[in-house]
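This briefing is meant for someone meeting the structure for the first time. Please look through the sequence and the model, then read the points below alongside them.

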Amino acid sequence: MGTTDLDTPCLVLDLDLFEANLHRMQGLVAAAGRHLRPHAKTHKCSEIARRQIEAGAIGICVAKVSEAEGLVDSGIGGILITGPVSSATKIQRLAGLIERAPETMVVVESAISAGLLDRELSRRGLGMNVLLDLDPDFGRTGVPFGSALEFAAELAGFQNLRLAGIQVYAGHLQHVTSYSERREASLRVLREAAGIFRVLGERFPGCNIFSTSGTGTVDIDLEISEITEFQPGSYVCMDEEYLRIGSAGSETGFETYAPALRVLTGVVSANQPGFVTVDAGLKAVYRDGATPRVLDARYAQLAYEWFGDEYGKLLAPAPGIALPPPGTTVELVASHCDPTINLHDRFHLVRNHEVVGDWPINLRGCCQ
Ligand SMILES: Cc1ncc(COP(=O)(O)O)c(C=O)c1O
């Protein structure tokens, strides 16, 4: 069975490209003597997480407790929850997870939430490792660099939380188009974070993990010797948002990792001049980051445009350019891989244009 036999819209993962991405990132980080704890928020798939660990990752990052629960259910360990956990409900859920997977770590960035977590763990006779979440002026979560030592001292007062390290995630820098500007900005914040990490390490024995980075800065951040582990996510799948930023090899493209993920869409109507209607709209390819790109060489000149919930358009840039007839299947590179994957049930696996199986996207919808 070939990809054109698949029903559309659907997701396809090219296994050769996926494996190349997996081993390239793992090789890069391991060659520098550091660890990889890749982020599952991108792929939402225990089968991929398992392969990342088999390739050498020391564990898996997740954004949410429900994703951690799903991975633990699949027998995957070494989990770091990279977002703060603050509500009483979620803290109970996290403590329940620690009973099943005691090595799970979470970031902390509020004395109030840390206090609630400490009390819940104490009630259950548990303890857990936490990473202090430092905000590199991104502003999403984390304590400002200037408050790190004071907050760490507060954490030391909680008997059931062990300060195991820091997390610094500069999400606002990952897609800076200019590689040189991205490099300068990322090294500036991480050098400062490294200074804080050294002081914390002296004052708090056991504070020895420095976790950071996304796909856009791993090769840059490797220059900071204090970093112990990297948490990129997108590299295994890739998307148009990443593929069009500059990289070490080129100021206009990021070819280190290949677009292993594709959205397959079918032409459903060709009754209009200048465009055809396809069956992948907002519910199949998420509208964020960049515009999906047509991958098929035959139709590469056509531009995708969202056309409502269920449909998209493939537009010819000029008259006379051939449009695909109804029934044609076209491959798109996703705009932004994470939220697009979250819209689908499975990855169809493809090798040499043959469909060879599928992996369930078992963590899709796990946003709690
Ligand atoms: C905390 C954290 N770490 C790592 C990542 C992975 O980043 P990327 O998908 O750009 O590699 C993300 C993505 O949003 C994140 O929020």
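The crossing of α4 and α5 is right-handed, a crossing being called right-handed if the near helix is turned clockwise from the far one by less than a right angle, and left-handed if anticlockwise. The model is a predicted one, in which local features need pLDDT of at least 70 and side-chain atom pairs count only at pLDDT 80 or more, while totals for chains, interfaces and linings use all residues. Residues are numbered from 1 along each chain as its sequence is written.

**Helix α4 and its partners**

- The axes of α4 and helix α5 (residues 111-123) come within 10 Å and cross at roughly 45°; axes here are lines fitted to C-alpha atoms, for helices over the stretch in contact, and angles run from 0 to 180 degrees between N-to-C directions.
- That angle makes α4 oblique to α5, since angles under 35 degrees count as roughly parallel, over 145 as roughly antiparallel, 65 to 115 as roughly perpendicular and the rest as oblique.
- On the α4 side A88, I91, Q92, L94, A95 and I98 meet L116, L117, E120 and L121 of α5, where contact requires the C-beta atoms of two residues, placed from the backbone, to lie within 7 Å.
- This contact of α4 with α5 comprises eight nonpolar residues, one polar and one charged, with Ala, Val, Leu, Ile, Met, Phe, Trp, Tyr, Cys and Pro counted as nonpolar, Asp, Glu, Lys and Arg as charged, and the others, Gly among them, as polar.
- Helix α3 (residues 65-73) also packs with helix α4 (residues 88-100), at an angle of about 20° and with the axes 10 Å apart, and α3 and α4 are therefore roughly parallel to each other.
- The crossing of α3 and α4 is left-handed, and the contact is formed by V65, A68, E69 and V72 of α3 together with K90, R93, L94, L97 and R100 of α4.
- By class, the contact of α3 with α4 has five nonpolar residues, four charged and no polar ones.

**Domains**

- The chain is divided into domain 1 (3-10 + 255-360) and domain 2 (16-236), with bounds that come from an automatic or database domain assignment.
- Taken over C-alpha atoms, the centres of domain 1 and domain 2 are separated by 33 Å, and eleven residues of domain 1 are in contact with 17 residues of domain 2.
- On the side of domain 1 that touches domain 2, the elements giving two or more residues are α10 (337-341) and β17 (346-351), and α10 gives the most, with three residues; helices (H or I, at least four residues) and strands (E, at least two) are DSSP runs, numbered from the N terminus.

**Ligand surroundings**

- Of the 15 residues around the ligand, G214, T215, P232, G233 and S234 come nearest, a residue being near if its C-beta atom, placed from the backbone, lies within 6 Å.
- The shell around the ligand divides into three nonpolar, eleven polar and one charged residue.

**Backbone details**

- Most residues other than glycine have a negative phi, and most peptide bonds are trans.
- A cis peptide bond joins T8 and P9, with omega about -5°, and P9 lies in the segment before β1 (10-14).
- S213, found in the loop between β9 (209-212) and α8 (218-221), has a positive phi near 85°.
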